[in-house]
Amino acid sequence: MNDLTLSMRPIQDFFAKHHPALFICFIALLLAAAIYSLYDVTRKAEASPDSLTSTTITQFNQATVEKIKNLHSSTDTSEPLAFPTSRYNPFVE
C-alpha cells in the first residue's frame, strides 16, 4: 500500500462508520437552508408601508380618460341584444 492510501484509511473508516448520521445532518442542513430562504422571501414580500415607493402620475393620457368615461355599466341596456340566428341543433331528434 502506498502512503496516500494509508493516510486516507482513518477518514474512510470514519465515513464508513458514521455515514447514516452524516447523511441525516446534511439533509437537516439543506432543509434548514430551504426553510430560511422561504422565510426570507416571504419577509421581503410583506413590504412595510414605509418601504413602498409611491408613484405619482403627473400627467394622464387624455384619450384613455375619455374612453373610460364612455364605458357603460353592466346594468345599462341602451341597445337591445341581438341574438344570432338559430342554427340546426344536432342533439334534437
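Tutor: What follows is a set of questions about labels, each answered from a value and a cut-off. The model is a predicted one.

Student: What is the secondary structure of the chain?

Tutor: The chain has 2 helices and 0 strands. Helix α1 covers residues 3–45, and serine 7 is found in it.

Student: Why is serine 7 called partly exposed?

Tutor: Its relative accessibility is 46%. Buried means under 20% and exposed means over 50%, with partly exposed in between. Serine 7, at 46%, therefore counts as partly exposed.

Student: Which residues form the nonpolar patch on the surface?

Tutor: The patch is formed by Leu4, Met8, Ile11, Phe14, Phe15 and Leu22. Together they have about 560 Å² of accessible area. A patch takes residues with over 30% relative accessible area. Phenylalanine 14 has 43% and phenylalanine 15, which is in helix α1, has 46%, so both values pass that cut-off. Both residues are also labelled partly exposed, because 43% and 46% fall between 20% and 50%.

Student: How many aromatic pairs does a search of the whole structure find?

Tutor: The search finds 1 aromatic pair. Phenylalanine 14 and phenylalanine 15 form it, and the pair is edge-to-face.

Student: How do you know that the pair is edge-to-face?

Tutor: The ring centres are 5.8 Å apart, and rings pair if their centres lie within 6.5 Å. The angle between the planes is 75°. Planes over 60 degrees apart count as edge-to-face, so the label applies to phenylalanine 14 and phenylalanine 15.

Student: Aspartate 40 also lies in helix α1. Why does aspartate 40 count as buried?

Tutor: Its relative accessibility is 17%. The cut-off for buried is under 20%, so aspartate 40 falls in that class. Across the chain, buried residues make up 1% of the 93 residues.

Student: What joins the side chains of aspartate 40 and arginine 43?

Tutor: A polar contact of 2.6 Å joins them. That distance is within the 3.5 Å limit.

Methods
Residues numbered from 1 in each chain as written. Predicted model: local features only at pLDDT ≥ 70, side-chain atom pairs only at ≥ 80, totals over all residues. Heavy atoms only, no water. Helix = DSSP H or I, 4+ residues; strand = E, 2+ residues; numbered from the N terminus. Buried < 20%, exposed > 50% of the residue type's maximum accessible area, 1.4 Å probe, protein only. Patch = residues over 30% accessible without salt bridge, like charges linked within 9 Å, V, L, I, M, F, W, Y side chains within 5 Å. Areas by Shrake-Rupley, 256 points an atom, 1.4 Å probe, with all protein chains shown as cover. Salt bridge = Lys/Arg side-chain N within 4 Å of Asp/Glu carboxyl O. Phe/Tyr/Trp six-rings, centres within 6.5 Å; stacked < 30°, edge-to-face > 60°. Polar contact = N/O pair within 3.5 Å; in protein donor to acceptor, adjacent residues only side chain to side chain.
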